[in-house]
Amino acid sequence: MDPVTIDTTKIRITKRKPETALEKLEDTNLINTLLAAKDREGFILLTTIDQAMNWGRLSSLWPVTSGLACCAIEMMAVSMAHHDIARFGMEVFRASPRQADLMFVAGTVTKRMAPRVKQLYEMMAEPKWVIAVGSCANTGGPYRESYCVLKGVDNIIPVDVYIPGCPPRPEAWLYGIIQLREKIKNEGYGAKWGLNK
Amino acid sequence: MNPAEELKYLLPNSVVSVGIQTNKPLAVIRKEDFLKVAEKVKELGFDSLSVITGVDRVDRIEVIYNLFSYKKKQNLALKVVLDHRSPEVDSVISIWKVADWLERETYDLVGVKFNGHPDLKRILLPEGWIGHPLRKDYDMNTEQFVTIGEDGEDIVSFDGSNLLRRK
């Protein structure tokens, strides 16, 4: 009688496909991770990568130091202690557009200044956002009928948030900044899956 | 006697009329004698030319020179009335050096030609801009843009979409 030899390398362990929800959860091994974390008294934060990046971006928006006209005075007021945009991590006005990711177009954009504003915008690194502040930057404002003022800065660069006013109060600036934060929060796939709530 | 009346007394043929403009003594000068009158005014002690203003009155163009005397602490305004079609007046750059840029600005925005100016070209707007914007008959329908050209110079363009052409 010949001894039966079994080639163990040929045997393949077939895994049963998880069918119920509990089996699926066990299959991902997630439950063990959570239990292990519970043992260590630690916490686990579930998110997507882009939501984590959005959180980082909106929490430290660094504006570029550029003021074109009187709205820049209100920009100084909004950055000072009373209104204090340091609460949003925005107090670091960068003197170089390479280090900034937000531009306030604060004031009248004259035709002579327009190519310079565009150059400043193009020098900023991605990702970048623009807030147009005041009637002049939005539409041309009282100088709309003038020969030397651009009829809205959105003719030359894309604008994310418009703040109306002549000039806007610092409260209006803060509201505009909050709107921009909401916009950044809603970018990417994580927002599509409802993880931005 | 205010400085305008004094000027009228000294040069009765050149000064057309005297009056008051915004609390300053005003003398209206014949444009042919303007350089002579300006020299006389400098002799009277008006050493500072503050500003030159050009005004378009549709049928005529007025150029107003605002002067101040630091010695006498007095103001004086001189006015010349020019033809609307070809506004020309003598340059006072030989009397007040500051008139260089002030006359260039008046030429740029109102289109007054200053005879005898060594470098009469635009100062605020780039070269090639069509029209003088503070004229009443300036064409507001054709929009003009300032563009940075490939060599970094400001040039005029009618296309607002491509403002930056620097390499």
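How much area do chain B and chain A bury between them, and what percentage of it is on carbon and sulfur atoms?

Analyst: The model examined here is predicted. The size of an interface is often given as the accessible area lost when the parts come together. Between chain B and chain A about 1,400 Å² is buried, and 61% of this area lies on carbon and sulfur atoms. On the side of chain B, the residues that lose the most area to chain A are V146(B), L163(B) and L164(B), which together account for 32% of what that side buries. Counted by residues, the contact draws 21 from chain B and 15 from chain A.

The rule finds 4 salt bridges across the interface of chain B and chain A. In one of the salt bridges, K151(A) is joined to E143(B), and the closest N and O atoms are 3.3 Å apart. The element that gives the most to the side of chain B touching chain A is strand 8 (residues 145-148) of chain B, with 4 residues. By residue type, that side of chain B divides into 15 nonpolar, 3 polar and 3 charged residues.

Strand 8 of chain B pairs with strand 9 (residues 154-157) of chain B in the antiparallel sense, over 4 bridges. Within this pairing, T147(B) has I155(B) of strand 9 as its bridge partner. The two strands form a hairpin with 5 residues between them, and in its turn G152(B) has a positive phi of about 90°.

A pair of aromatic rings is described by the distance of the centres and the angle of the planes. Over all chains, the structure holds 4 aromatic pairs. One of them is formed by Y147(A) and Y138(B), with 6.0 Å from centre to centre and 70° between the planes, an edge-to-face arrangement. This pair crosses between chains: Y147(A) belongs to the loop between helix 6 (134-139) and strand 3 (161-163) of chain A, whereas Y138(B) belongs to the loop between strand 7 (113-115) and strand 8 of chain B.

Finally, the setting of these elements may be described. Chain B contains 3 helices and 9 strands, arranged along the sequence in the pattern α-β-β-α-β-β-β-β-α-β-β-β. Its C-alpha atoms fill a box of roughly 60 × 30 × 30 Å, taken along the principal axes.

Methods: Residues numbered from 1 in each chain as written. Chains lettered and ligands numbered in written order. Predicted model: local features only at pLDDT ≥ 70, side-chain atom pairs only at ≥ 80, totals over all residues. Heavy atoms only, no water. Contact = heavy atoms within 4.5 Å. Buried area = accessible area lost by both parts, 1.4 Å probe. Salt bridge = Lys/Arg side-chain N within 4 Å of Asp/Glu carboxyl O. Nonpolar A, V, L, I, M, F, W, Y, C, P; charged D, E, K, R; others polar. Pairing = 2+ DSSP bridges. Phe/Tyr/Trp six-rings, centres within 6.5 Å; stacked < 30°, edge-to-face > 60°.
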